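Q: I'd like a close look at one part of this structure, taken slowly and piece by piece. Please start with how directions are described, then show me what sits next to what.

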Amino acid sequence: MQERSNLLMVKHLKKYFTANGATVHAVDDISFTIAKGETLGLVGESGCGKSTAGRTILQLLPPTAGEILYDGVSIGGLKGRPLSVYRQKMQMVFQDPYGSLNPRYRIEKAVGEAMLYHKSVKNRAECRERVAELLEMVGLRADDMNKFPHEFSGGQRQRIGIARALSVNPEFLICDEPVSALDVSIQSQILNLLDDLRKKMDLTMIFIAHGLNVVKHISDRIGVMYLGKIVEISTSDELFLHQYHPYTQALLSAIPELKPGAEKKQILLSGELPSPTDPPKGCRFCTRCPYATARCREEEPQLRPASQGREVACFYPLI
């Protein structure tokens with residue numbers, strides 16, 4: 001099988017915020033690549049920086065430092081019309097399916113507005129036809145375009161959000177916890193829809209979620225984030241077979257075992273989650289890690305190859 005070229009390359013990306021004289025290290029020097037047609041899952045606890053990383057990549061937030069290359073072009077400093085060209089290629093599905101839709105817009109306008117702005121349709125009649133196609137593509141009816149967001153359930157609103165993201169025929173999609181606000185019964189439907197669409201449209205994706213179980217089937221590779229850092233990145237299959245980083249082990253142990261009679265030992269992390277305004281010296285995880293040594297508290301581990309297709313930032317010999 002022919003190896004695909006990289007569509008996205010992130011180099012030493014940082015995003016800091018300043019509040020009340022303190023600096024929040026939301027994203028603190030992360031690097032990764034995504035090949036065309038690949039899906040990378042980003043997982044971690046709330047506040048680890050995964051959503052901030054996604055928004056910074058799309059230039060919804062300006063990066064503090066680092067470089068973002070899209071198809072070989074640096075987009076970090078782009079503004080105005082040059083950035084608008086890449087915004088058409090890169091779209092986002094937001095976490096809150098209601099808050100991301102203007103309550104005063106009918107669905108026809110909410111989904112079709114970007115097409116008219118980018119002039120990807122000739123006129124409003126063609127725009128209306130395209131909106132109907134998109135709604136049917138995501139499992140809704142064409143005449144739903146005449147309704148307002150409040151007339152839909154949460155799952156239906158997220159389908160509308162997906163239709164809007166796909167309206168300008170993007171190549172790259174960031175899904176920022178798209179199922180976390182939905183009932184469990186609806187989550188699998190949205191995940192299956194996104195998986196079908198990415199295969200049908202050959203989309204490249206970043207899929208952001210809290211838990212590894214959500215990203216398991218939709219991701220080719222998974223990056224695990226902790227306090228602004230990527231601590232482990234691996235193919236999805238390999239990550240579920242073997243977890244090298246202690247934090248990844250703890251995350252996986254928290255997934256409920258659904259087989260009757262099966263027992264699973266959950267790894268309970270001790271200690272408090274450090275503040276992103278004052279991250280610990282050395283390894284960010286050292287304050288909660290059962291294997292931490294003096295070296296971990298003084299020296300920061302860097303991502304290093306651990307096996308074929310896997311990198312891990314840890315001094316402990318888990319390999």
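A: Axes here are lines fitted to C-alpha atoms, for helices over the stretch in contact, and angles run from 0 to 180 degrees between N-to-C directions. Bear in mind that this is a predicted model, where local features need pLDDT of at least 70 and side-chain atom pairs count only at pLDDT 80 or more, while totals for chains, interfaces and linings use all residues. Residues are numbered from 1 along each chain as its sequence is written, and side-chain values use heavy atoms, with hydrogens and water left out.

Let's start with a pair of helices. Helices (H or I, at least four residues) and strands (E, at least two) are DSSP runs, numbered from the N terminus. Helix 3 covers residues 107-118, and its axis comes within 7 Å of the axis of helix 5, with the two crossing at roughly 30°. Which residues meet there? On the helix 3 side you'll find I107, A110 and V111, and they meet I160, A163 and R164 in helix 5. That meeting is a contact, meaning heavy atoms within 4.5 Å.

Eight strands form an open sheet, in the order 6-7-8-3-9-10-12-11, with mixed pairing. Strand 6 (90-93) and strand 11 (304-307) are at the edges with a single partner strand each, so one side of each has no neighbour in the sheet. Going from one strand to the next, the twist averages 25°. Helix 5 (residues 154-166) packs on this sheet, where it touches strand 6 and strand 7 (172-176), and its direction makes about 175° with that of strand 6.

Two strands pair if DSSP finds at least two bridges between them. Strand 6 and strand 7 run parallel and are joined by four bridges; M90, for instance, stands opposite F172 in strand 7. Strand 7 also runs parallel to strand 8 (residues 204-209), and five bridges join these two. F172 turns up again here, with T204 as its bridge partner in strand 8.

Strand 11 pairs with strand 12 (residues 310-312) in the antiparallel sense, over three bridges. One of the pairings to look for is P305, whose bridge partner in strand 12 is E311.

A35 is 169 residues away from T204 in sequence, but the two are 7.5 Å apart in space, C-alpha to C-alpha. A35 has its place in strand 2, and it counts as buried because its relative accessibility is 16%. Leaving aside neighbours within four places in sequence, A35 is in contact with R4, S5, N6, L7 and T204.

Strand 4 (residues 65-70) runs antiparallel to strand 5, and two bridges join them.

Is helix 1 mostly covered or uncovered? Mostly covered, with seven of its eight residues buried: K50, S51, T52, A53, G54, T56 and I57.

Last stop is Q59, which follows helix 1 and has a positive phi, near 70°. You'll find Q59 in the loop between helix 1 and strand 4. Why does Q59 count as buried? Because its relative accessibility is 11%. Not counting residues up to four places away in sequence, Q59 touches I68, I75, G76, L83 and R87.

Note on methods: Buried means under 20% relative accessible area, exposed over 50%, partly exposed in between (1.4 Å probe, protein chains only).
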